[in-house]
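Thanks for coming. Please keep the picture in view.

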Amino acid sequence: MLSKAAFFKSGSGAIPPTPVFGVSVTPSSLRRDIRSGSYTTSNFVANVTAGAPPFSYAWALSSADGSVVGSGSTVYVSTGGYNEEVEMTLTVTVTDATLAEVTDSANISLTFGVPSYASDL
């Protein structure tokens, strides 16, 4: 058992800050040049801080040019092959057990083009 002297000496006397419920999506942006075919991004992860578990995750994509695959804290985006540049935003809303919500997003830029060997035809 600690003595009163040991207890007061070991503490800093400061009240630790209360963690704030938050979320951050990693990576926060992705830019890729794709020459042909369909494409699947690497994983996007919702990193939650504080809050009251369990958490629910609602992912949304701002463009019909792709789809969110997966659920929970980790997803990826799948797209078809297009001859254009596609800009989209991937957004996650996390809700905790107290029904508090936090949101973050990632920007995705994909450029689809003709395969380089086509110029040799």
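**A walk through the chain**

Val-20 counts as exposed, because its relative accessibility is 64%. The cut-offs are these: buried means under 20% relative accessible area, exposed means over 50%, and partly exposed is in between, with a 1.4 Å probe and protein chains only.

Before going on, a word on what you are looking at. This is a predicted model, where local features need pLDDT of at least 70 and side-chain atom pairs count only at pLDDT 80 or more, while totals for chains, interfaces and linings use all residues. Residues are numbered from 1 along each chain as its sequence is written, and side-chain values use heavy atoms, with hydrogens and water left out.

Back to Val-20. It sits in the loop between helix H1 (4–10) and strand S1 (22–26). Helices (H or I, at least four residues) and strands (E, at least two) are DSSP runs, numbered from the N terminus. Which residues does Val-20 touch, not counting those up to four places away in sequence? They are Thr-49 and Ala-50. Contact here means heavy atoms within 4.5 Å. Val-48 is 28 residues away from Val-20 in sequence, and the C-alpha to C-alpha distance is 9.9 Å.

Ala-50 belongs to the loop between S4 and S5. Its phi is near 55°, which is a positive value in a residue other than glycine. With 30% relative accessibility, Ala-50 counts as partly exposed. Leu-99 also has a positive phi, near 70°, and is likewise not a glycine. Leu-99 is in the loop between S8 and S9, and is exposed at a relative accessible area of 69%.

Now the overall layout. The chain has one helix and nine strands. Read from the N terminus, the order is α-β-β-β-β-β-β-β-β-β. Of the 121 residues in the chain, 26% are buried. Among contacts with a separation of 6 or more, 64% are between residues 24 or more positions apart.

Next, the interior. In soluble globular proteins, nonpolar side chains tend to be buried together. By nonpolar core I mean a set of buried Ala, Val, Leu, Ile, Met, Phe, Trp, Tyr and Cys residues joined through side-chain atoms within 4.5 Å. The largest such core has 19 residues, and those touching the most other members are Phe-44, Trp-59, Val-77, Met-88, Leu-90, Val-92 and Ile-108. At least two residues of this core come from each of S1, strand S4 (44–49), strand S5 (56–61), strand S7 (74–79), S8 and strand S9 (101–112). Which strand gives the most to this core? That is S8, with five residues. Trp-59 has contacts beyond four places in sequence that include Val-25, Phe-44, Val-68, Leu-90 and Val-92.

On to aromatic rings. Rings of Phe, Tyr and Trp (its six-membered ring) pair if their centres lie within 6.5 Å; planes under 30 degrees apart count as stacked, over 60 as edge-to-face and the rest as tilted. The count by this rule is one aromatic pair. Phe-21 and Phe-55 form it, and the pair is stacked, at 5.9 Å centre to centre with 20° between the planes. Phe-21 lies in the loop between H1 and S1 and Phe-55 in the loop between S4 and S5, so the pair ties together parts 34 residues apart in sequence. Phe-21 is buried, at 16% relative accessible area, whereas Phe-55 is partly exposed, at 25%.

Thr-95 is in contact with both of these, and its other contacts beyond four places in sequence include Pro-54 and Glu-101. Thr-95 is found in strand S8 (residues 85–95), and at 14% relative accessibility it counts as buried.

Pro-54 brings me to the cis peptide bonds. The bond from Pro-53 to Pro-54 is cis, with omega near 5°. The bond from Thr-26 to Pro-27 is cis as well, with omega near -5°; Pro-27 is in the loop between S1 and strand S2 (29–34).

Finally, confidence. pLDDT is the predictor's confidence in each residue, from 0 to 100. The chain has a mean of 78, and 71% of its residues reach 70 or more. Confidence is lowest in H1, with a mean of 42, and highest in S5, at 96. Residues 1–10 have pLDDT below 50, and this stretch has zero contacts in the model beyond near neighbours in sequence. Residues 116–121 stay under 50 too, with zero contacts beyond four places in sequence. Where pLDDT is low, the predicted coordinates should not be read in detail.
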